[in-house]
Amino acid sequence: MDKEQHKALAIQLFNAAWDLIDQSERTEDETLEMIRLAQTSRFHWGEAGTHVNWSRGDWQISRAFAEAGNGEQALVYARANERIYQQYGLNDFDEAFVYEALARAYSLLNQPEEMLQAKQTAEAFANSCKNQKDTAYILEQLESIKIQ
């Protein structure tokens, strides 16, 4: 399989996982499929993407696990995303979502201090985004994070 095929699959799988993340209700099978799709997308980004794609892939896996209520695995992938950020750097939108994922995982794990710190960091990065729509979207996502 060449890089273009990996990239095409990564995009298709990411979008399919996102469709399931966006659903307000999922069956158990849909929840498992959401996680599988996100992980498979990330695999293909590992073959054909850049550090930004890897970051977004790990973020999506973290979010899928968070949507499934699995804080431990959400934190594993949020930290993987944080390591990419620390190693390569990210900008704008992606920088804020590193901390959004951490805040969401800490929320599920009932770690309020860590959650608040990560959420405040995400808010600061969101407010420094160049695109106001990105800022609004990030802040909307952060608003949904509460201690469980």
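Tutor: Let's begin with surface: accessible areas come from the Shrake-Rupley method with a 1.4 Å probe, and for residues only the protein chains shown count as cover. On that basis the protein exposes about 8,100 Å², and carbon and sulfur atoms supply 46% of it. Keep in mind that this is a predicted model, where local features need pLDDT of at least 70 and side-chain atom pairs count only at pLDDT 80 or more, while totals for chains, interfaces and linings use all residues. Residues are numbered from 1 along each chain as its sequence is written, and side-chain values use heavy atoms, with hydrogens and water left out.

Student: How many helices and strands does the protein have?

Tutor: There are 7 helices and 0 strands, so the pattern along the sequence reads α-α-α-α-α-α-α. Here helices (H or I, at least four residues) and strands (E, at least two) are DSSP runs, numbered from the N terminus.

Student: What makes the radius of gyration agree with a compact globule?

Tutor: The radius is taken over C-alpha atoms, and the globule rule is 2.2 Å times the number of residues to the power 0.38. For 148 residues the rule gives a value near 15 Å, and the protein has 15 Å, so the two agree. Along its principal axes the C-alpha trace spans about 45 × 35 × 25 Å.

Student: How do you know that the span of α4 agrees with its residue count?

Tutor: The expected span is 1.5 Å times one less than the number of residues. Helix α4 (residues 71-88) has 18 residues and should span 26 Å; its end C-alpha atoms are 25 Å apart, so that agrees. At the N-terminal end, Asn70 caps α4, with a side-chain oxygen 3.3 Å from the backbone nitrogen of Glu72. After α4 comes Gly89, with a positive phi near 80°.

Student: Why is His44 called buried?

Tutor: Buried means under 20% relative accessible area, exposed means over 50%, and partly exposed is in between (1.4 Å probe, protein chains only). His44, in helix α2, has 8% relative accessibility, so it counts as buried. Contact means heavy atoms within 4.5 Å, and not counting residues up to four places away in sequence, His44 touches Met1, His6, Leu9, Ala10 and Leu13. Across the protein, buried residues make up 45% of the 148.

Student: And why is Gln39 called partly exposed?

Tutor: Its relative accessible area is 31%, so Gln39 is partly exposed. Gln39 is also in α2 and touches Ile61, Phe65 and Tyr77, leaving out residues up to four places away in sequence. Its C-alpha is separated by 7.6 Å from that of Gly57, 18 residues apart along the chain.

Student: What makes Asp92 and Asn110 stand out in phi?

Tutor: Asp92 is not a glycine, yet its phi is positive, about 55°. Asn110, likewise a residue other than glycine, has a positive phi near 55°. Asp92 is in helix α5, whereas Asn110 lies in the loop between α5 and α6. Asp92 has 21% relative accessibility, so it counts as partly exposed; Asn110, at 47%, counts as partly exposed too.

Student: What makes a set of residues a nonpolar core?

Tutor: The set must be buried Ala, Val, Leu, Ile, Met, Phe, Trp, Tyr and Cys residues joined through side-chain atoms within 4.5 Å. The largest such core has 37 residues, and those with the most contacts inside it are Tyr85, Val98, Tyr99, Leu102, Tyr106 and Ile138. Helix α5 gives the most to this core, with 9 residues. Not counting residues up to four places away in sequence, Tyr85 touches Leu90, Glu95, Val98, Tyr99 and Phe125. Tyr85 is also one of the buried residues of α4, including Leu75 and Ile84, and what covers those includes α2, α3, α5 and α6.

Key. Polar contact = N/O pair within 3.5 Å; in protein donor to acceptor, adjacent residues only side chain to side chain.
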